[in-house]
Amino acid sequence: MFSPQATRLRRAARLALGACVLAATRCGDRRAAAAPAAGRPAAITVTDDGGRPVHLAGPARRVVCLIPSATETLVALGAADRLVGRTRYDVAPEVAALPSVGGGLDPSVEAIVALRPDLVLGWENDRRGEVREKLASLGIPVFSLRTEDTVDVFRNLAAIGRLAGRDSAAAAVAASIHHDFDAVRRSVAGRPRPRVFYVVSNDPPMTAGPQTFVAQLVGLAGGQSIFPDVRQSWPTVSMEEIVRRAPDLVVVPRGERSRNEVPGTALAELRARGGWRDVGAVRAGHVVTVDENLVNRPGPHVGEAARALRAVLHPELAAAAAGR
């Protein structure tokens, strides 16, 4: 999955890395004089999203990643060879052969330790902090990430690039995402903006708050949430309020297992649930699906996610492009 976008991101990262090598070669002795002693990489210190400084003796070489979007970021930076462990939720083909340490929030600490990582990327949202504390007590650095909006996406991209010694590649990937965002934004400018309910959960109904990357991607793709006034990031809302606010379109993220499902399955499932059948968009069949492993992951593929959302919010653009 993600093959065209992934290929483009990796190409951008490789070009950045090549430019870096060329610049280093041209600088020659002058840069060597300013570098650490031969054979000793420069130490790295980056502050994580919990405000904790994380110190590494050099770029991370053995990384266990507990966040799928961070795993995809390392792959996009051309650093897949640094990964030694993943979660059961990772779908990137580049890491399929790696051992799984379990879930992102409930991994096996023993499995992580056995992989001898020099860095673990974990969730700051895990307020229990048990995994981080256990690993820290064993001398394993843990860098915790928290992602709410697209600003966090770019900040985390830069941080992971720094920890992996791939700063230039991270800058190139960020530039590629900005390019995608600008292109999507321009393509929907001036068009009607459908009112959207994005389904995070259908029982109880939960959606994406306006400050989340999902809601921002919906807006970027030419839509607007019917809940722009909520304060929570991932609020639970009532069916009665969804009916009252009357979305034009219900967007349902679907997972890997739904790839071969019969078209209309998501619509049929909503119509079978009490309350949902009273939503005008559901009665009218205005229910669309997107790949949850793409749109729900705040990583290097957010540009592709914006395009996927545009495709369902503004199908007329794809139809016009096909008719050229």
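Predicted model: local features only at pLDDT ≥ 70, side-chain atom pairs only at ≥ 80, totals over all residues.
Me: Is R297 buried or exposed?
Reply: Leaving out residues up to four places away in sequence, R297 touches P68, S69, E72, Y89, D90, V91, F213, E292 and V302 (contact: heavy atoms within 4.5 Å). Its relative accessibility is 11%, where buried means under 20% relative accessible area, exposed over 50% and partly exposed in between, with a 1.4 Å probe and protein chains only. R297 therefore counts as buried.

Me: At what angle do the axes of α8 and α13 cross?
Reply: Helix α8 covers residues 213-220, and its contact with α13 is made by L217, V218 and L220 of α8 together with V302, A305, A306, L309 and L313 of α13. The axes, which are lines fitted to C-alpha atoms over the stretch in contact, with angles from 0 to 180 degrees between N-to-C directions, come within 8 Å of each other and cross at roughly 55°.

Me: How many helices and how many strands are there in the protein?
Reply: Helices (H or I, at least four residues) and strands (E, at least two) are DSSP runs numbered from the N terminus. Of the 324 residues in the protein, buried ones make up 48%, and among contacts with a separation of 6 or more, residues 24 or more positions apart account for 62%. The protein contains 14 helices and twelve strands.

Me: How far apart are the end C-alpha atoms of α6?
Reply: Helix α6 runs over residues 150-163 and has 14 residues, and the expected span of a helix is 1.5 Å times one less than its number of residues. The helix should therefore span 20 Å, and this agrees with the separation of its end C-alpha atoms, 20 Å.

Me: How many of the 14 residues of α6 are buried?
Reply: The buried residues of α6 include T150, D152, V153, F154 and N156, and also L157, A159, I160, G161 and L163. The helix is largely enclosed by the rest of the structure because the number of its residues that are buried is ten.

Me: Which side chain is joined to that of N156 by a polar contact of 3.4 Å?
Reply: N156 lies in helix α6, counts as buried at 7% relative accessibility and, leaving aside its neighbours within four places in sequence, is in contact with D49, L145, R146 and T147. A polar contact is a pair of N or O atoms within 3.5 Å; within protein, one must be able to donate a hydrogen and the other to accept it, and residues adjacent in sequence count only if both atoms are side-chain atoms. The contact of 3.4 Å joins the side chain of N156 to that of R155.

Me: What distance separates the C-alpha atoms of V230 and G209?
Reply: V230 is found in the loop between β10 (224-225) and α9 (239-245), and it counts as buried at 17% relative accessibility. Setting aside neighbours within four places in sequence, V230 is in contact with G209, P210 and P235. V230 and G209 are 21 residues apart along the chain, while their C-alpha atoms are separated by 6.2 Å.

Definitions and conventions. Residues numbered from 1 in each chain as written. Heavy atoms only, no water.
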